[in-house]
Amino acid sequence: MSKNVVDVLKEATKDILSEQTLNEIQQAFEASVNEKVKIHVEKALSEQDEDHSKKLEALVEAIDKDHVAKLNKVVSAIDENHSGKLKAIVEKYQGALSNEAKSFKKETINDISTYLEAYLDEVVPAEDIKKAVANRKANDTLAKVRNLLAVDAAIAQESIREAVLDGKKQLDEARKELESAKGRVVVLEKELNKAQASLLLEQKTRELPENKKKFIHKLMGNKDVAFINENYDYTLKLFNKTEEERLSNIRDEAAKQTETVDRVVVEEAAAEKPASNDDDSTNGYLSELSRW
Amino acid sequence: MDNKQKALITNFLKCLTEKDYSNAKKTLQQVMDIKLQNRIQNAVKDLKK
């Protein structure tokens with residue numbers, strides 16, 4: 001091509017232009033052409049880029065949509081799969097807990113029990129237990145037999161039997177005597193207390209007037225010594241108080257009667273009565289009456 | 001094996017899982033006592049026969 005331009009210019013100019021000028025023209029021509037080509041190429045490239053980018057975006061979007069849809073399907077499928085598996089696992093473990101664990105527990109308990117039985121068989125053999133039980137029963141029976149035979153043997157001998165019977169008889173008699181003696185002691189103690197009480201009462205009332213003595217004997221005649229010691233003074237004070245009240249009442253009545261009774265007769269009666277009556281209690285109020 | 005022994009062994013296992021070895025030992029001793037007592041009772045019954 002470049003040769004053609006040089007050739008064309010050579011032919012056209014018929015060696016007017018030097019070789020250098022032709023080369024410069026050729027270079028300028030090529031540079032200009034190259035610039036234009038470059039511009040066109042850039043333009044084409046940019047257009048191609050835009051086109052490709054649009055297409056790529058569309059493609060990416062389409063791929064994304066496709067992938068999203070596929071991924072959604074995959075996720076839902078995985079979810080379903082996993083949830084189904086998890087349900088199965090839950091059911092299996094629930095069953096294991098409820099059934100298998102129960103059966104395992106039962107088996108374990110039976111195994112432990114069997115092991116303990118075997119251990120007991122080894123440590124304490126059944127024969128030994130049987131022997132021990134038999135020995136224990138034999139010992140008990142032997143002790144019972146010994147007791148029975150000892151008593152029977154003792155009673156079986158004539159002399160011992162008589163001695164035993166005599167001893168029993170003596171014990172019975174002694175028991176009866178003891179009971180009767182206790183009864184007598186009780187009676188004697190009662191009589192003694194009664195006598196002591198009577199003596200004490202007599203000593204205390206020896207110097208008292210007759211009416212007081214009767215009163216004290218009436219109230220305390222059947223009491224014991226402790227009661228008499230404790231309540232004698234109170235009873236005496238009670239009698240004195242009652243007597244004073246009685247005299248006071250008689251005095252009041254006598255005072256009322258003096259208004260209607262002849263004084264001379266009263267004086268005669270009062271003069272006669274003190275001589276015939278020794279009772280201190282009546283002397284008291286009669287002396288009071290004599291004043292009227 | 002009666003229910004009492006089962007309950008005691010269950011309690012023994014529970015004590016073991018809770019690492020309560022003192023009570024586990026007591027429970028196991030109770031089971032052993034019951035088993036030994038049963039054996040003695042059986043021996044007494046056999047002797048009475």
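Visitor: Among contacts in chain A between residues at least 6 apart in sequence, what percentage join residues at least 24 apart?
Guide: This is a predicted model, in which local features need pLDDT of at least 70 and side-chain atom pairs count only at pLDDT 80 or more, while totals for chains, interfaces and linings use all residues. Two residues are in contact if their C-beta atoms, placed from the backbone, lie within 7 Å. Taking the contacts in chain A between residues at least 6 apart in sequence, the share that joins residues at least 24 apart is 53%.

Visitor: Leaving aside neighbours within four places in sequence, which residues is Leu200(A) in contact with?
Guide: Residues are numbered from 1 along each chain as its sequence is written, and chains are lettered from A and ligands numbered from 1 in the order in which they are written. Leu200(A) lies in helix 4 (residues 158-205) of chain A, where a helix is a DSSP run of H or I of at least four residues and a strand a run of E of at least two, numbered from the N terminus. Leu200(A) and Asp224(A) are 24 residues apart in sequence and 9.6 Å apart in space, C-alpha to C-alpha. Once the neighbours within four places are set aside, the contacts of Leu200(A) are Val225(A) and Ile228(A).

Visitor: Is Leu200(A) buried, partly exposed or exposed?
Guide: A residue is buried if 20 or more other C-beta atoms lie within 10 Å of its own, exposed if 12 or fewer, and partly exposed in between, with C-beta atoms placed from the backbone. Because Leu200(A) has 17 C-beta neighbours inside 10 Å, it counts as partly exposed.

Visitor: How many helices are there in chain A?
Guide: Chain A has 292 residues, of which 2% count as buried. Read along the sequence, its pattern is α-α-α-α-α-α-α-α. With zero strands, the secondary structure of chain A comes to eight helices.

Visitor: Which helix of chain B gives the most to the side that touches chain A?
Guide: The contact takes 16 residues from chain B and 14 residues from chain A. Helix 1 (3-17) and helix 2 (21-48) of chain B each supply at least two residues of the side that touches chain A. With 10 residues, the element of chain B that gives the most to this side is helix 2.

Visitor: How are helix 2 of chain A and helix 2 of chain B oriented to each other?
Guide: Axes are lines fitted to C-alpha atoms, for helices over the stretch in contact, with angles running from 0 to 180 degrees between N-to-C directions. Helix 2 (residues 19-123) of chain A and helix 2 of chain B pack at an angle of about 60°, with their axes 11 Å apart. Angles under 35 degrees count as roughly parallel, over 145 as roughly antiparallel, 65 to 115 as roughly perpendicular and the rest as oblique. Helix 2 of chain A and helix 2 of chain B are therefore oblique.

Visitor: How are helix 1 and helix 2 of chain B oriented to each other?
Guide: The axes of helix 1 and helix 2 of chain B come within 8 Å and cross at roughly 160°. That angle makes helix 1 of chain B, relative to helix 2 of chain B, roughly antiparallel.

Visitor: Which residues of helix 2 of chain B are buried?
Guide: Helix 2 of chain B has 28 residues and reaches 40 Å from its first C-alpha to its last, close to the 40 Å expected at 1.5 Å a residue, the expected span being 1.5 Å times one less than the number of residues. Of the 49 residues of chain B, 14% count as buried. In helix 2 of chain B, the buried residues are Thr27(B), Val31(B), Arg39(B) and Ala43(B).

Visitor: What is the phi of Lys19(B)?
Guide: Lys19(B) is found in the loop between helix 1 and helix 2 of chain B, and with 7 C-beta neighbours inside 10 Å it counts as exposed. Most residues other than glycine have a negative phi. Although Lys19(B) is not a glycine, its phi is positive, at about 60°.
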